[in-house]
Amino acid sequence: MRLPTLSSLGLSLVALGFVVVVPAAGQARVPRPTITKPTIMPATAGRYRVVITGFATAKETVDTDTDGKRDEVYAAAAVVLWDRRSSAAISQPTVVRTREYGDVGSGRYPSRMRAGAASPSGGLWAGNGSDYAPAEFDPRGTALPPPSMYQLPLMIFEGGLSEGVEALLVVPSLWESDNAQRHT
Amino acid sequence: MNYEAGWRTGGVGKFLTSPAVVNQLARAEVTSAMMPPHSQGDVVANLYATILTGGVAGSYSLPSLAKMGELDRPIGLTPFQQATHYQDRVVVITHEKLASLRPGMGTTIAVPFAEPMDNFLNGMYTAYVRVERIQ
C-alpha cells in the first residue's frame, strides 16, 4: 500500500519565526535560511538539514594584499524549495552567506574570521599544502559544531522533504572579497 | 540589482526546468553539476554591473577582468568564447536520493570551484555541503 505524502495529508511546510543574531559590524545583511516546522514524518518523507560545513583552498586566487594577506573568502548559497509536480517554488529563493574568512590583520578586520596560514594573522593560500575554513575544519569529519546563520558551518536549509513532492535546489558559491561592491 | 537580488526577485521558473536541474533531479545520488555556459550572444548577466537582466539563469558573463581586485567576485570563473563566465553549481536534494539515510546519518559532497591557471584567476577551491537526516 502506498503511504500518503505530506501534501496529501494536508500538512504544509510552515516557516518558523526565527531569532536572528545580527552579525558583527561590516556584515550588512542577515542570512535567513529556510527552516520549516517539524511535523510527524510518514515513511515516505524525512526531515533534513543542509549546511555548508567549510571550504578548502588548494590554490589561492590572484589577489592584492591590500585587504589582507592572500585570499579573503566567504561562502554563500542560494536555496529554493520547489514542488516537483508543478515546478513551482514553495519557498521564495533565499541567499545566505557567511562572514569573510582570511587574514584578520591584527584587528584591522574585526568582522572577519581568521583562517589560513599565509601570515601570522591568517590569509588563505596553498603555500603549506592546503588551507581550510573554518580553521579547524576537517572535510572528512561528521561531528560538526551547531550550524550558524552567518558563519561556517552555515545553515542553509532545515525542513521536510517527501517522496515525489518537494525538491531542494542548493546553489553554493564561494566569493573572493575585496571589501567593495557586494554581490551577495 | 546584484547576484543576491537576482535570486530573490529574478524568478526561478526557467532555472528549475532547465536541463541541468532536471538532470540532477533524475540522478539517484546527491551530487553537484555546473550549469552550462551561455553562448556569447546570450549574455544574461554581468556580475560587475549594477543591472542584472534576465533574472536567474545560472550562467553569467564577465566581459572584463580589468576591475579584478576592486570588487567581490565568485571563485570558479572559466573562459568561454573570449569572455569569462561564472556557471552556477547546482545540487538537487530529494527524499528519494537520501532514502538510505537513517535519522542521525548524513552525507557530504564536495563542490569544486576550479579556475584555469593561465588567465589571472588561478583559484582552486572546494566547498563541502553536508545533508543530514534528522527525522
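1. Quick orientation first: pLDDT is the predictor's confidence in each residue, on a scale from 0 to 100. We need that here, since this is a predicted model. For chain B the mean pLDDT is 79, with 73% of the residues at 70 or more. For the complex, the predictor reports an ipTM of 0.89 alongside a pTM of 0.83.

2. Going by elements of chain B, the lowest mean pLDDT (70) belongs to strand S2 (residues 59–62), and the highest (97) to strand S8 (residues 124–133).

3. Chain B has 135 residues, of which 43% count as buried. Taking contacts in chain B between residues at least 6 apart in sequence, 59% of them join residues at least 24 apart.

4. Now the interface. Chain B puts 50 residues into the contact and chain A puts in 55. On the chain B side, the elements giving two or more residues are helices H1 (3–9), H2 (13–16) and H3 (19–26), plus strands S3 (73–74), S6 (89–93), S7 (106–114) and S8. S8(B) makes the largest contribution to that side, at 10 residues.

5. Worth a look in the viewer: strand pairing across the two chains. Strand S10 (residues 166–176) of chain A runs antiparallel to S6(B), joined by three bridges. Within this pairing, A:Leu169 has B:Val92 as its bridge partner. Beyond four places in sequence, A:Leu169 is in contact with A:Val79, A:Val80 and A:Trp82 from chain A, and with B:Leu16, B:Val21, B:Val90 and B:Val92 from chain B.

6. A:Leu169 turns up again in the largest nonpolar core, which has 64 residues; A:Leu169 is listed there among those with the most contacts inside the core, along with A:Ile156, A:Val170 and B:Ile93. The largest share of this core, 10 residues, is supplied by strand S3 (residues 73–83) of chain A. As background, nonpolar side chains in soluble globular proteins tend to be buried together.

7. All nine of its nine residues are buried, so S9(A) is largely enclosed by the rest of the structure. Which strands pair with S9(A)? One is strand S1 (residues 34–35) of chain A, which runs parallel to S9(A) with two bridges; there, A:Thr34 is bridged to A:Phe157. Another is strand S2 (residues 45–59) of chain A, antiparallel to S9(A) over eight bridges, with A:Ile52 opposite A:Leu154.

8. Finally, a glycine to check. B:Gly123 sits in the loop between S7 and S8 of chain B. Is B:Gly123 buried or exposed? It counts as buried, because it has 27 C-beta neighbours inside 10 Å and the cut-off for buried is 20 or more. Leaving out residues up to four places away in sequence, B:Gly123 touches A:Lys59, A:Glu60 and A:Thr61 in chain A, as well as B:Ile75, B:Phe113 and B:Glu115 in chain B. B:Gly6 lies 117 residues from B:Gly123 in sequence, and their C-alpha atoms are 25 Å apart in space.

Notes. Residues are numbered from 1 along each chain as its sequence is written. Chains are lettered from A and ligands numbered from 1 in the order in which they are written. This is a predicted model: local features need pLDDT of at least 70, side-chain atom pairs count only at pLDDT 80 or more; totals for chains, interfaces and linings use all residues. A nonpolar core is a set of buried Ala, Val, Leu, Ile, Met, Phe, Trp, Tyr and Cys residues joined through C-beta atoms within 7 Å. A residue is buried if 20 or more other C-beta atoms lie within 10 Å of its own, exposed if 12 or fewer, and partly exposed in between; C-beta atoms are placed from the backbone. Helices (H or I, at least four residues) and strands (E, at least two) are DSSP runs, numbered from the N terminus. Two residues are in contact if their C-beta atoms, placed from the backbone, lie within 7 Å. Two strands pair if DSSP finds at least two bridges between them.
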